[in-house]
Amino acid sequence: MHERTVVSSDDIDRVVQRIAHELLERNRSAADLVLLGIPTRGVPLAERVAAALEQVDGVRPPTGSLDVTMYRDDLRHHPTRGLAVTGVPVDVTDRVVVLVDDVLFSGRTIRAALDAVADLGRPRAVRLVVLVDRGHRELPIRADHVGRNLPTAADEKVAVRLRETDGSDGVDILRPLRPTGTAVPGAGA
Amino acid sequence: MRHLLSTADLDHAAAVQLLDTAEAMAATQRREIKKLPTLRGRTVVNLFYEDSTRTRISFEAAAKRLSADVINFAAKGSSVSKGESLKDTAETLQAMGADAVVIRHPASGAPHRLAAMGWTTGAVLNAGDGTHEHPTQALLDAFTLRRHLRGGEGDLAGVRVAVVGDVLHSRVARSNVHLLHTLGAEVTLVAPPTLLPLGVGSWPCATSFDLDAVLPGVDAVMMLRVQGERMNAAYFPSEREYSRRYGLDARRLRLLPGHAVVMHPGPMNRGLEISADAADSPRAVVLDQVTNGVSVRMAALYLLLAGEGSEA
């Protein structure tokens with residue numbers, strides 16, 4: 001596997017700040033927001049966005065985590081997953097729920113998350129924040145706020161690192177080794 | 001995990017994973033919408049050769065909360081009373097596409113036979129077989145203990161539990177001894193010598209004939225039902241004597257430490273193994289056990305059915 005860092009730690013800080021501003025522009029105040037991170041890395045990301053909102057607006061919206069495992073449509077195709085924590089601090093009814101995840105890929109996780117949110121209550125609106133959009137959508141789902149668009153090949157892997165879970169911040173693209181002679185744009189960079 | 005037949009098959013990690021999963025399931029049961037789409041399109045058969053209300057309803061509720069289709073099969077009034085064998089019944093269910101079979105059978109070992117003989121490709125869950133095992137009952141007991149004594153996390157290391165009464169006929173006792181031992185708890189069986197099974201010395205627990213001496217040192221006391229229907233001989237002189245020596249009454253309740261809880265798998269013989277004072281005291285967690293039963297069975301069905309060919 002080739003590994004290439006495409007987003008640095010500083011980039012992530014800037015992206016979180018920008019997304020916080022965008023959210024405020026869209027909602028005027030952070031007071032009626034609730035941020036729900038999708039485990040694992042969506043949860044610390046939601047915390048960071050909430051902290052940035054507090055800096056700008058003076059109000060820190062409640063944050064929680066939303067495990068979507070039990071709502072996935074591909075459970076039968078994988079070994080059984082352990083369940084992560086779902087902790088939603090407030091009633092979501094009539095609030096603006098902001099789903100936060102690290103990577104947007106097929107869109108199936110977000111579909112499951114929408115079902116999970118619907119079982120919690122009836123939010124006024126649901127918005128989606130992702131750190132990285134890598135394309136290859138299989139469902140008509142798009143994010144409202146995207147940190148970075150990263151066009152990738154289907155066989156590449158995008159690995160997001162966060163201080164809280166991995167000890168350091170960054171986004172790496174892992175690319176499988178191709179046979180020699182094949183042109184690999186950007187290899188070795 | 002492919003089947004859930006015995007708590008003796010569960011190692012520490014698997015047991016804790018089951019309890020953690022049950023905790024996540026319990027969290028979903030506090031919501032307004034309790035139903036999850038997790039097992040949509042899968043079929044769970046409740047195959048009950050023995051009367052049971054709470055276990056069958058509990059499994060049915062668990063499967064339905066996970067959106068599985070449920071078929072209830074009671075042997076009474078079915079072709080079993082015309083002489084159909086377990087094999088033929090199992091093959092019929094297989095042909096109908098059962099993904100899991102929850103079996104309650106009066107013969108010890110029937111679920112093992114069903115799982116081992118290849119009559120069904122589905123997961124087999126033992127819902128009580130003869131005097132052998134009742135693993136989901138033990139799991140819900142462990143879950144209830146963990147909630148009351150350990151804040152719902154980790155294992156039960158160092159927790160002292162007395163299991164009192166008709167151990168000989170009790171699959172609940174057998175399953176609990178294995179599971180509680182795996183989770184690190186210390187179990188003492190308290191029963192008249194006639195109601196302790198042969199070979200109990202090899203079980204991972206202590207035994208005693210003196211309830212009054214054991215009670216002050218435990219964190220939980222688990223009363224077993226005196227199973228009159230399984231008794232084919234005189235195991236104790238009279239109900240009155242049994243009740244006096246091994247029944248939990250108001251006086252014995254006061255011997256327990258302040259934090260200790262009283263458990264009973266139900267149905268209770270009030271006035272025999274447990275007095276109304278004890279059964280209705282604030283320390284009794286019998287209804288918690290029933291509630292937790294649904295979460296634990298949801299966890300078991302999820303872990304057995306959600307993943308295809310899962311090895312975890």
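Helices here (H or I, at least four residues) and strands (E, at least two) are DSSP runs, numbered from the N terminus. The model is a predicted one, in which local features need pLDDT of at least 70 and side-chain atom pairs count only at pLDDT 80 or more, while totals for chains, interfaces and linings use all residues. Residues are numbered from 1 along each chain as its sequence is written, chains are lettered from A and ligands numbered from 1 in the order in which they are written, and side-chain values use heavy atoms, with hydrogens and water left out.

In UniProt, an unreviewed entry labels residues 97-109 of chain A "short sequence motif: PRPP-binding". An unreviewed entry also gives residues 12-145 of chain A as "domain: Phosphoribosyltransferase". Such positions are in the numbering used here, with feature names shortened, and annotations may be inferred rather than shown by experiment. The span 12-145 is 34% helix and 20% strand, with its end C-alpha atoms 14 Å apart.

Now to the open spaces. A pocket is an open set of points on a 1 Å grid over the protein atoms alone, with protein on both sides within 12 Å along at least five of seven lines; a cavity is a set where a 1.4 Å probe fits but cannot get out, and lining residues have an atom within 4 Å of a point. Points are joined across faces, edges and corners, and a volume is the space filled by probe spheres set on them.

The largest pocket has a volume of about 750 Å³. Of its 29 lining residues, A:R72, A:D101, A:D102, A:V103 and A:T109 lie nearest the centre. Strand β4 of chain A gives the most to this lining, four residues. By class, the lining holds 11 nonpolar, six polar and 12 charged residues, where Ala, Val, Leu, Ile, Met, Phe, Trp, Tyr, Cys and Pro count as nonpolar, Asp, Glu, Lys and Arg as charged, and the others, Gly among them, as polar.

The second largest pocket holds about 560 Å³. Residues from chains A and B lie nearest its centre: A:T86, A:G87, B:A27, B:T28 and B:R31. Helix α1 (residues 12-28) of chain B supplies the largest share of the lining, seven residues.
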